[in-house]
Amino acid sequence: MPSLGADMQEGTLIEWSVKPGDRVKRGDIIGVVRTEKADIEVEVYHDGVVDQLLAKAGETLPVGAVIAVIKEEGEAAAAAVPVREAIQPTPSVPVPIPTAVRLRVSPLARRVAQELGIDLAHVQGTGPQAEITKDDVERASEALKKAPIQKPAAPDFRKGMRRAIAAAMARSNREIPHYYLETKIDLQRVLKFLEAENQKRSVKDRLLSVVLLIKAVALSLHDVPELNAYWIDDQLQPKERVHIGFAISLRQGGLVVPAILDVDRKNLDELMQALRDLITRARSGRLRSSEITDATVTITNLGDLGVETVHGVIYPPQVALVGFGRIIESPWAENGMLGIRPVVTATLAGDHRATDGHRGAQFLTALNQHLQEPEKL
Amino acid sequence: MNEPEIRRAVTKALRKIAPEANLDQVGSDENLREALDIDSFDFLNLLIGLHEELQIEIPESDYTKLSTLGELVSYLAGRLK
């Protein structure tokens, strides 16, 4: 059971999207797990072949429990049969350990069971001394196909989501000594560039201004890589890839912060597509595990509301959060001239254990510079 | 295309974005973004929905003319004449 968030204790398997024998490669979705906050599509982290699916739909298991066995190419079949109970957290009250019952299974039945993905523990044996035969396995497989698949009813995620946000934010304020910086950035060039770009595009291919802000943040993190990092065990662990967590508010309340992966390597169109895909899936409750767990920094954009400035709370173990307010027409003095410019207030919340204000200031300066050259974004 | 047809198309596009909202309660001169808690992403989706329903391209420069339901309907009526 993968950990899909710092405060996740357990998850419920909703369904498998693979079966034993299927070849999978890194990044493939193998099933859906329900957490307190949402249903998450679980991706696999290794190439290989699905050997066994141990968890059943509807089963709730603690983080760390083995839910499936995936063999690497060429690995012996029996090499890695894990014991689920071994991973359960030690209970404070001793509980009787169930005695393992050795099943009588014919070798052929065992092979067929593996092919069909049947758990032998649930098969009634009809052979001599209740041995499980090939026919028993096939009967069990047929029965399973006919039985309606029991999916747990869709729960109300709101309470769980509030709890998860509360836990993460309380931890952040308890552990992270935040410092805050802010600067006003002239977006005239960005908006002119955007206007020209969008004039060329059909409505369905148009870019939103936030896409340019996100890209500029990614490039600025190349300039100040200490902010694209985790703080774990009293140490700064810089991250090479730039996965930006983007705070998405949900219509029914609450928010999720899934990551847009490899922002620095995407062009603006790819980024817009990624953002569209992410927001749509976040709001319909189908995010992927890597999007939930891999963010290296977070952006919160409250620009659509009337808010000018946002001082964010860092999502641990990240060390920085960038905030954008609304783009506002403001008086702007430059080169001894006063004019009116579209201006956004950009803020940085930094973890003072990891970086100092000096570094943070360099980041906001870089951000401003990147936003003055929108054609390079 | 007459006004009730346009209204139906707008309602259909809005329902996809704000399925929980009671659209009958949104006044003709109420700010759509505020009344339905629509962000710029939702607004773009509204325009894409209208594009699919009515085959109309709304340029970005006209966005400011589309703050309320009433404005949106009369803008579309003008464009679809």
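Helix 3 of chain B buries Asp42(B), Leu44(B), Asn45(B), Leu46(B), Leu47(B), Gly49(B) and Leu50(B); buried here means that 20 or more other C-beta atoms lie within 10 Å of the residue's own, while exposed means 12 or fewer and partly exposed is in between, with C-beta atoms placed from the backbone. Helices (H or I, at least four residues) and strands (E, at least two) are DSSP runs, numbered from the N terminus. Please keep in mind that this is a predicted model, in which local features need pLDDT of at least 70 and side-chain atom pairs count only at pLDDT 80 or more, whereas totals for chains, interfaces and linings use all residues. Residues are numbered from 1 along each chain as its sequence is written, and chains are lettered from A and ligands numbered from 1 in the order in which they are written.

**Helix 3 of chain B**

- Helix 1 (3-17) of chain B is among the elements that cover the buried residues of helix 3.
- Helix 3 (residues 40-54) of chain B has 15 residues and should span 21 Å at 1.5 Å a residue, and its end C-alpha atoms are 21 Å apart, so the two values agree; the expected span is 1.5 Å times one less than the number of residues.

**Chain B as a whole**

- Chain B has four helices and zero strands, and from the N terminus on its elements run α-α-α-α.
- A compact globule of 81 residues would have a radius of gyration near 12 Å, and chain B agrees with its 11 Å; the radius is taken over C-alpha atoms, and the globule rule is 2.2 Å times the number of residues to the power 0.38.
- The C-alpha trace of chain B spans about 30 × 25 × 20 Å along its principal axes.
- Of the 81 residues in chain B, 27% are buried.
- Contacts (C-beta atoms, placed from the backbone, within 7 Å) in chain B between residues at least 6 apart in sequence join residues at least 24 apart in 64% of cases.

**Chain A: overview and confidence**

- Chain A contains eight helices and 19 strands, and 34% of its 377 residues count as buried.
- In chain A, 61% of the contacts with a separation of 6 or more come from residues 24 or more positions apart.
- The average pLDDT (the predictor's confidence in each residue, from 0 to 100) of chain A is 86, and 89% of the residues score at least 70.
- Residues 78-101 of chain A have a pLDDT below 50, and this stretch has 13 contacts in the model beyond near neighbours in sequence.

**A sheet in chain A**

- Three strands of chain A form an open sheet in the order 2-5-7, with antiparallel pairing; two strands pair if DSSP finds at least two bridges between them.
- Strand 2 (23-24) and strand 7 (68-71) of chain A are the edge strands, each pairing on one side only.
- Strand 2 of chain A runs antiparallel to strand 5 (residues 48-53) of chain A, and two bridges join them.
- Val24(A) has Gly48(A) in strand 5 of chain A as its bridge partner.

**Around Pro342(A)**

- Pro342(A) sits in strand 19 (residues 337-351) of chain A and counts as partly exposed because it has 19 C-beta neighbours inside 10 Å.
- Leaving aside residues up to four places away in sequence, Pro342(A) touches Leu187(A), Gln188(A), Leu191(A), Ile327(A) and Glu329(A).
- Ser330(A) is twelve residues from Pro342(A) along the chain, and their C-alpha atoms are separated by 6.3 Å.

**Where the chains meet**

- Ten residues from chain A and 13 residues from chain B take part in the contact.

Notes: Contact = placed C-beta atoms within 7 Å.
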